[in-house]
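The model comes first, then the details.

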Amino acid sequence: MSEGLRAPKLAETIAEHIERLILEGVLRPGERLASERDLAERLEVSRPSLRDALQMLEARGLLATSRDGTRVTQFLAPLTDPLANLLQSSDRVTADYFEYRESVERKATGLAALRATEPERQAIAECLTEMQAAHEARDATREAEADIVLHRLIYGASHNLVILHVMRAFSEMLRRDIFFNRTKLFALAEFRDDLLSQHLAIGQAVIAGDRRAAEEASHRHLLYTGQSVERFRRDEERVNLAVRRLTRSTLVGN
């Protein structure tokens, strides 16, 4: 009987451990876990207890199992998906997004400069190297992805779990072009050149542990990006209006 009583407690302990790894960002939304056998060996627990723990986490909406294995769910999707649809319906949302992001990300970058560990500084340095390589290769898609990775590394290095998860959810919307078309922007040489220097300034300030420089670099970057996106949007609207005027003959009778 005592063995039967211990099993549920062990499963709950395993579930709490995995849940904490998800909370801390060690296990990320969308990532597939190791096989049940490998995971049991790495956690040094029995497979039946691990299986019970995984079922608990599925019931909590943190894991989902399919043919290709068990993955961490996009657990903020029930909030962010309806929000994304609402945000897309408003012309003013991009300006509001940058206003919000500037207030949060400036703080996150400053915290990262103070709190980043050596492995986190190394990861940021490697991301900057990748960004420079993508820039030199003129690979806009690759550089845009490095942009997202850099900001996510900074959210993690802030060691603020609320910032980590909320801003990661927003960065996923950004990847889906909810606020603006990032690939088009990264295709503009002038924009990409400015962004590279700004990202280098942010990353290097965080690595150096210079909070004030990191916050100022983040502020300048987001102000510049917000203004550039707005200018790009206005230019695009002017072009679309000009095209509509030039093709108006297809809409009217003779």
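The second largest cavity is lined by Tyr97, Arg101, Asp147, Ile148, His151, Tyr155, Met167, Phe170, Ser171 and Leu174. A cavity here is a set of points on a 1 Å grid over the protein atoms alone where a 1.4 Å probe fits but cannot get out, and lining residues have an atom within 4 Å of a point.

Helices (H or I, at least four residues) and strands (E, at least two) are DSSP runs, numbered from the N terminus.

The second largest cavity holds about 50 Å³ of space. Volume is the space filled by probe spheres set on the points, which are joined across faces, edges and corners. The whole structure has two cavities of 30 Å³ or more.

The model is predicted: local features need pLDDT of at least 70, side-chain atom pairs count only at pLDDT 80 or more, and totals for chains, interfaces and linings use all residues. Residues are numbered from 1 along each chain as its sequence is written, and side-chain values use heavy atoms, without hydrogens and water.

Helix α5 also contains Tyr100. Tyr100 counts as partly exposed because its relative accessibility is 32%. Buried means under 20% relative accessible area, exposed over 50%, and partly exposed in between (1.4 Å probe, protein chains only). Of the 254 residues in the protein chain, 39% are buried. The chain's secondary structure comprises 11 helices and two strands.

How values were computed
1 Å grid on protein atoms, 1.4 Å probe; cavity = no way out; pocket = protein on both sides within 12 Å on 5 of 7 lines; lining within 4 Å.
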